[in-house]
Amino acid sequence: GGGPLNGIVPLSEAYERYELEFIFNGSSQSKYVSDRTSYLYELAEFNADFDTNLTDIPALSLNLYQLSETIGRGYPATEDI
């Protein structure tokens, strides 16, 4: 974890899996991603996740975790988006 999603599976992992944790107004929603190096968060999905009715996705915080079969969730890479 902590690096970019560059499509290279770590040597000790059979699969490339990630957890994306979106944080907005003190609440969080997790999305699980495997076998992809990108994720598109649609407005309708955001509104449903955070029980809002906004017309644009606001600034969010994002924690990105690599999920390991050996140790579970790794350290986060954190970004404001």
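Tutor: Lys-31, Glu-45 and Asp-49 are linked in a network of salt bridges. The model is predicted, with local features requiring pLDDT of at least 70 and side-chain atom pairs pLDDT 80 or more, while totals for chains, interfaces and linings use all residues. Residues are numbered from 1 along each chain as its sequence is written, and side-chain values use heavy atoms, without hydrogens and water.

Student: What makes the contact of Asp-49 and Lys-31 a salt bridge?

Tutor: The term requires a side-chain nitrogen of Lys or Arg within 4 Å of a carboxyl oxygen of Asp or Glu. The N to O distance for Asp-49 and Lys-31 is 2.6 Å, so the pair qualifies. Asp-49 belongs to helix 1 and Lys-31 to strand 2, 18 residues apart; helices (H or I, at least four residues) and strands (E, at least two) are DSSP runs, numbered from the N terminus.

Student: How do you know that the buried residues of helix 1 lie on the same side?

Tutor: The buried residues of helix 1 (residues 43–50) are Phe-46, Asn-47, Asp-49 and Phe-50. They cover an arc of only 165° around the axis, which places them on the same side of helix 1; the arc is that of the directions from the helix axis to the C-beta atoms. The face turned away from this buried side carries the exposed residues Ala-44 and Ala-48.

Terms used. Buried means under 20% relative accessible area, exposed over 50%, partly exposed in between (1.4 Å probe, protein chains only).
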